[in-house]
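Dear colleague,

Please find the structure below, handed over for your study.

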Amino acid sequence: MQIDLRTVTIKPLRQTFDHIARYLGTDKPVSRYLEGSLGIQPKDVFHYRPTWDPEHEIFDVRRTKIRMKDWDALKDPRQFYYGAYTSARARQQDTAEANFDFVESRGLVETLPEDVRQAAVALLVPLRHVAWGANMNNAAVCAYAYGGMTAQAAIYQSMDQLGIAQYLTRIGLLLGDVESLAAGKQAWTNDPVWQPLRRYVEDSFVVKDPFELHTVQNLVLDGLLYPLVYDTIIDQIFAARGGAAIAMLTQFMTQWSAETRKWVDATMKAIVAESEENRTVVQDWVDAWLPRAKEALLPVAAIAVSEQAPALLDEVMEGFAQRLAKIGLSA
Amino acid sequence: MDMQVAKKKLGLKEKYQVMTRDLDWTPTYQKMEDIYPYVQYEGIKIHDWDRWEDPFRLTMDAYWKYQAEKEKKLYAIIDAYAQNNGHLNVTDARYINTVKLFLTGVSPLEYMAHRGFAHVGRAFPGPGPRVACLMQSLDEMRHFQTQVHAISNYNKYYNGFHDFRKWHDRVWYLSVPKSFFDDAITAGPFEFIVAIGFSFEYVLTNLLFVPFVSGAAYNGDMGTMAYGFSAQSDEARHMTLGLEVIKFILEQDPANLPIVQRWIDKWTWRGYRVLTLVAMMMDYMLPKRTMSWKEAWEIYFEENGGALFRDLARYGIRMPKCAETIAFEKDHLSHQAWCTFYNYTAATAFHTWLPNEDEMQWLSAKYPDSFDKYYRPRFDFWREQAAKGNRFYNTTLPMLCQTCQVPLFFTEPGDPTKICYRETDYKGMKYHFCSDHCKEIFEHEPEKYVQAWLPVHQIYQGNCFPEGTDPTAEGFDPLKAVLQWYNIIHGRDNLDFEGSEDQRNFAAWRAQATRNV
Ligand SMILES: [Fe+2]
Ligand SMILES: [Fe+2]
């Protein structure tokens, strides 16, 4: 039954849901991001304790050392709800697809200087595994962090990292072949160059505090890795050595890291600004993990730039220290 | 360069493997049991995660592309539906109560599925299942948000939606779906995925989503239809995951069979008890019926499920034990549920009503063995009472089943005139159940189910009144206090549909929209 309705203006009884109106202190229409994200995680009335973690409730603030009065303060400045998230990524994957096409159809791989091609394969292929680790860690942040805001952004981050691992796999296949993937994995698990980084990643797998994990993975490790590998080595050094085609293939990662940094910084800033106790907790995490990340990335940078590596990493560290300062932390 | 010539071409399956499970490696700096601490304690034995067959192959770039297209189309429909006051197109305003039931009872479960699948995805050491689970976690976020966004427009114009998040946590009948999912997410990762991935998504999904979505289609609710259909394409992936999980676990070790069988028995029953709400929705709440609950059960469970379990027989799996009890209850379930909600509608966030004569004829035809004999007389009586101004509202509190949390209104298998009560003693306390199945579930894990937050017990313990309430004060009205704590607005969200604000507004708005100027 479809009746012909005239368009009439009828007065709504209310503008949004009560939990949102209570949070904002007013009943007004809100963005899809806020409507789909504010207060969405149950806070009390849990029927049973997890059999896998009987010390805690299903969602429990005591899983972390961080204390927040309002966990929904950890908003995502990108305002990603599922629809906005997928639409942003769909556009980026469109560009990535066009870039891969461009490189392949013009045979740009064959024009790469052999040393650059080899260095790119040696550098990028093992990073598939780092991205896979980041996928796992962000899954843990999503599962165990308190608050729907953080959990939501973490599943996006997790699947982004899977996407990056898959782009890196395609790059490995394009610049090399299946054997390059196997060789990269071999290097990841055995070559001394990669062992400090692999240890860092595996040690992060046993970090239980979801906000420590957020710090260790999304702030510290990715905070150094992406500027070092993508912004500096690929976009500048390889490009200058005739490897601009590689930069086209990693454009997704460059843009992605600039974009997700906004989320990471906004959440860290809100956490640190909440209290001196929080700041100390996060600073301790940074102090414990940052030197390790730096040490782990040094031999990795050397794959591509050999003896320039320390200077390059210092430069990246300088940028990162500035970023930390803006958050309210120090390097 | 001859590198191109030497390149080995990858098949689709191999290509997906290098894009997913080949990303994984065996860690050496930390022990497997420290990285994956949750996969041992349930007793499920997995010898080789590589034997996992990917139930679908979707890389992230393709995922983003397809999903973004679906989202674009869906939100275009949602926007148009809202702009054109599409809600005035539904059959009649009673229909809107099914959407209330959906938002308050089902959508919050989508959210829990999002978190639950992230948890099990992280917990499984196998990269194949991890990828599939995490993708489902992401999909479930979609389901939750598209539902909230679509139903947001109903909330602007009708009661019974406005505090769904709080209601899901607090209100007595919503503790049925809530405790169901809490039970699953607090179980081990293997039980969770058998419970949700297989028993719920694979075996029972056609009895949950299909009735709501086709009910929406029959009753002119294009908004609900749109998000329902859009979610179905994700469901197809989730169902293949659920089925692969069962096969994989069973193929890994014969010792897994009895554990999995017990979970299937338990979760089919747990899921079925949640479907009580769907049964009454189908038979009483849709102004235009699609099919009866009984027909749906026969097609989707007895026929389709029967074929499934015959197929699984080669692994040693048999039909869930509870199927016999359910077959008996199918003539009674929806009627007993609606009668109960009709009684307790002073404490519900949706309206109830008496079926009209046409509807009663439909019920007689669909339920020839039970409706006229047991249920029509009740409705006739209540109608007489209502006509005299005595619309009956039960303001006492029902006893709840310790396991499924449904009030004890189900009848004895074989005797629809006798309420079924079961009880058991545990550590000096008595616990009550609606059925042998719920009692058995409790007895297998009493430490878990004694923790249940039973809404009625909580009310009696004084935990469900607004802060500062003095229950000893003169003239204290417990129902009023509970409704305040729930934030169910008395006279707007609750009570009979007849005379409700929803009824009045809908009639006025529709008249306005159909009148010639
Ligand atoms: Fe879902
Ligand atoms: Fe029960």
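How much area do chain A and chain B bury between them? The two chains bury about 9,400 Å², and 61% of this is on carbon and sulfur atoms; buried area is the accessible area (1.4 Å probe) that two parts lose on being put together, summed over both. In chain A, the residues that lose the most area to chain B are His47(A), Tyr48(A) and Tyr82(A), together 10% of what that side buries.

Please note that this is a predicted model, in which local features need pLDDT of at least 70 and side-chain atom pairs count only at pLDDT 80 or more, while totals for chains, interfaces and linings use all residues. Residues are numbered from 1 along each chain as its sequence is written, chains are lettered from A and ligands numbered from 1 in the order in which they are written, and side-chain values use heavy atoms, with hydrogens and water left out.

Contact (heavy atoms within 4.5 Å) joins 100 residues of chain A with 109 residues of chain B. Five salt bridges are counted between chain A and chain B, each a side-chain nitrogen of Lys or Arg within 4 Å of a carboxyl oxygen of Asp or Glu. One of them pairs Arg32(A) with Asp79(B), whose closest N and O atoms are 2.9 Å apart.

Chain B also supplies the donors (N, O and S atoms within 2.8 Å of the metal, or 3.2 Å for Na, K and Ca) of the iron ion (ligand 2): the SG atoms of Cys401(B), Cys404(B), Cys434(B) and Cys438(B), lying 2.3 Å from it. Cys401(B) and Cys438(B) are both buried, that is, under 20% relative accessible area (1.4 Å probe, protein chains only).

Yours sincerely

Terms used. Buried means under 20% relative accessible area, exposed over 50%, partly exposed in between (1.4 Å probe, protein chains only).
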